Amino acid sequence: MRDRLYTTEAIILRRSDVGEADRLLTIYTPHYGKITISARGVRKTMSKLAGHLELFLHTRLQLARGRTFDVVTESRAVQPFRQLREDLDRISWAYYVSELIDKMTESGSENVPLFALLRDTMAAIDAIDEALRRDVIIRFYELHLLTLSGYRPHLFHCAQCERELGQDTDRFSPITGGALCPRCGPHEALALPMSLAAFKLLRYLARGSIDDARALAPSAATLQETGRLINAAIRQVLERELKSVVFLDLLRG
Ligand SMILES: [Zn+2]
């Protein structure tokens, strides 16, 4: 028989109120991936859990297995991310980071590196005071979220012909899945232009660690451009996922 109680680290992604005093929480964990859990009575002022299940919190939870949802019995903050809640720019990014991982992942599949990416991204948003440098972390997060979800954009070999890419690369194709060499680029009408600075930044972020990304200070224009390219790649993935869900629903009648 499975143990009734278990513990897990978690980041709280989303909350919704249920009934008089309960809440459902969507959390991301290292070993269970994304799961939805129930926090009973948490909205009562006397609840010992009140204030320990804030959005974006990095926490260690004790959970009891339940019939529909597992139920929180204890929460101990690991990293409270206080600064992250104190200004609008940081809060907006924290929402974005949470929403993106929520949309990109299925429930219940283990992905330890993805949990580490989420945790380290929240910690960086919390710690970095300069807005531009936080934007670099967001680009890092988007790129590695794609990679860890199985959609690594091609940045070192042409997404079409697999030839090694050099400094003359100037097209990025969200549909083909990454950068295109100068021979393939002109044949893809929907490929986006890409500057050498943006290409270099993407490659650096793809190869480096989050600490490498924290040390960078690229120009605002280059950051914006890489943002447009990665976001186009993310949209492509989300649309494909959405279509496959619709298709599966059709098949199942
Ligand atoms: Zn090519």
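Visitor: Which elements cover the buried residues of α2?

Guide: Keep in mind that this is a predicted model. In helix α2, the buried residues are Leu 114, Phe 115, Leu 117, Leu 118, Thr 121, Met 122, Ala 124, Ile 125 and Asp 126. Their cover includes β1 (5-18), β2 (22-29), β4 (58-64), α1 (88-104), α3 and α5 (210-214).

Visitor: How do α2 and α3 run, roughly parallel or roughly antiparallel?

Guide: Helix α2 covers residues 112-127 and helix α3 covers 131-148, and their axes lie 10 Å apart. The packing angle is about 170°. Angles over 145 degrees count as roughly antiparallel, so α2 and α3 are roughly antiparallel.

Visitor: How many nonpolar residues are in the contact of α2 with α3?

Guide: From α2 come Pro 113, Leu 114, Leu 117, Thr 121, Ala 124 and Ile 125. On the α3 side you'll find Arg 134, Ile 137, Tyr 141, His 144, Leu 145 and Leu 148. By class, two are polar and one is charged, and the nonpolar ones number nine.

Visitor: Which strands stand at the edges of the open sheet, and why is one side of each left without a neighbour?

Guide: The sheet has three strands in the order β7-β6-β8, with antiparallel pairing. The edge strands each have a single partner strand, so one side of each has no neighbour in the sheet; they are β7 (178-180) and β8 (192-193).

Visitor: Which residue does Phe 172 stand opposite in β7?

Guide: Strand β6 (residues 171-173) pairs with β7 in the antiparallel sense, over three bridges. In β7, the residue opposite Phe 172 is Ala 179.

Methods
Residues numbered from 1 in each chain as written. Predicted model: local features only at pLDDT ≥ 70, side-chain atom pairs only at ≥ 80, totals over all residues. Axes fitted to C-alpha atoms, helices over the stretch in contact; angles between N-to-C directions. Helix = DSSP H or I, 4+ residues; strand = E, 2+ residues; numbered from the N terminus. Parallel < 35°, antiparallel > 145°, perpendicular 65-115°, else oblique. Contact = placed C-beta atoms within 7 Å. Nonpolar A, V, L, I, M, F, W, Y, C, P; charged D, E, K, R; others polar. Pairing = 2+ DSSP bridges. Buried ≥ 20, exposed ≤ 12 C-beta atoms within 10 Å, placed from the backbone.
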